[in-house]
Amino acid sequence: MEDRLQKGQTTVFNDVVVERTRRCHQNDIENVVPFVLVGVLYVLTGPDPCWAAFHFRLFTVSRMCHTITYLFAIPQPARASMFATGWLTVVSMAVSVLMRGKF
């Protein structure tokens, strides 16, 4: 609103492309934060470097594919499968943290 050139102009919030992009960005933020938090704990447990690289790469690829399917409106279950892959990766790391953690 503060970037309008002249007073009296209205801000439009109903652009379909902008709203899809905004929702996609919000979705990425909501999924990356838990991954980073669990990922830090996962790395602190000293996992095998090959498995750690696998987890981080799998999550990254799944989020990239999820973003592409979101932005280009590719029909389900493409987006849902990428979402599930990302969350299963986080769950796998969390289970490893709980099993290897020293509490």
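Visitor: Which way does helix 1 pass helix 3, in a left-handed or a right-handed crossing?
Guide: Helix 1 passes helix 3 in a left-handed crossing (the near helix is turned anticlockwise from the far one by less than a right angle; clockwise would be right-handed). Helices here are DSSP runs of H or I with at least four residues, strands are E runs of at least two, and both are numbered from the N terminus.

Visitor: Before we go on, what kind of model is this?
Guide: It is a predicted model, in which local features need pLDDT of at least 70 and side-chain atom pairs count only at pLDDT 80 or more, while totals for chains, interfaces and linings use all residues. Residues are numbered from 1 along each chain as its sequence is written, and side-chain values use heavy atoms, with hydrogens and water left out.

Visitor: Got it. How many helices and strands are there in the chain?
Guide: The chain has three helices and zero strands. Reading from the N terminus, its elements go α-α-α.

Visitor: Back to helix 1 and helix 3. At what angle do they pack?
Guide: About 20 degrees, with their axes 8 Å apart (axes are lines fitted to C-alpha atoms, for helices over the stretch in contact, and angles run from 0 to 180 degrees between N-to-C directions). Helix 1 is therefore roughly parallel to helix 3 (under 35 degrees is roughly parallel, over 145 roughly antiparallel, 65 to 115 roughly perpendicular and the rest oblique).

Visitor: And which residues meet there?
Guide: From helix 1 you have R20, N31, P34, F35, V38, G39, L41 and Y42, and they meet R79, F83, W87, V90, M93, A94, S96 and V97 from helix 3. Contact means heavy atoms within 4.5 Å.

Visitor: I see W87 in there. What does W87 touch?
Guide: Leaving out residues up to four places away in sequence, W87 touches N31 and P34. W87 sits in helix 3. Its C-alpha is 8.4 Å from that of F35, although W87 and F35 are 52 residues apart in sequence.

Visitor: Is W87 buried or partly exposed?
Guide: W87 counts as partly exposed, because its relative accessibility is 31% (buried means under 20% relative accessible area, exposed over 50%, partly exposed in between, with a 1.4 Å probe and protein chains only).

Visitor: What about S96, buried or exposed?
Guide: S96 is buried, since its relative accessible area is 17%. This serine is in helix 3. Not counting residues up to four places away in sequence, S96 touches Y42 and G101.

Visitor: New topic: where do helix 1 and helix 2 stand to each other?
Guide: Their axes come within 10 Å and cross at roughly 175 degrees. Helix 1 and helix 2 are therefore roughly antiparallel to each other. Helix 1 contributes R20, T21, R23, C24, N27, D28, N31, V32, F35, G39, Y42 and V43 to the contact, and helix 2 contributes W51, A52, H55, F56, F59, R63, H66, T67, Y70 and L71.

Visitor: What is T67 in contact with?
Guide: With C24 and D28, once neighbours within four places in sequence are set aside. T67 lies in helix 2 and counts as buried because its relative accessible area is 18%. C24 is buried too, at 3% relative accessibility.

Visitor: And helix 2 with helix 3, at what angle do the axes cross?
Guide: Roughly 155 degrees, with the axes coming within 8 Å. So helix 2 is roughly antiparallel to helix 3. Helix 2 passes helix 3 in a left-handed crossing. Among the residues that meet there are H55, L58 and F59 in helix 2 and T89, V90 and M93 in helix 3.

Visitor: Which residues make up the largest nonpolar core?
Guide: Eight residues: F35, V38, Y42, A52, F59, V90, M93 and V97 (a nonpolar core is a set of buried Ala, Val, Leu, Ile, Met, Phe, Trp, Tyr and Cys residues joined through side-chain atoms within 4.5 Å). Helix 1 (16-44), helix 2 (49-71) and helix 3 (78-100) each give two or more residues to this core.

Visitor: How much of the chain is buried?
Guide: Buried residues make up 23% of the 103 residues.

Visitor: Last one: what is in the loop between helix 2 and helix 3?
Guide: That loop holds A73 and P77, among others. A73 has a positive phi, near 50 degrees, in a residue other than glycine, and is partly exposed at 43% relative accessible area. P77 is joined to Q76 by a cis peptide bond, with omega about 15 degrees.
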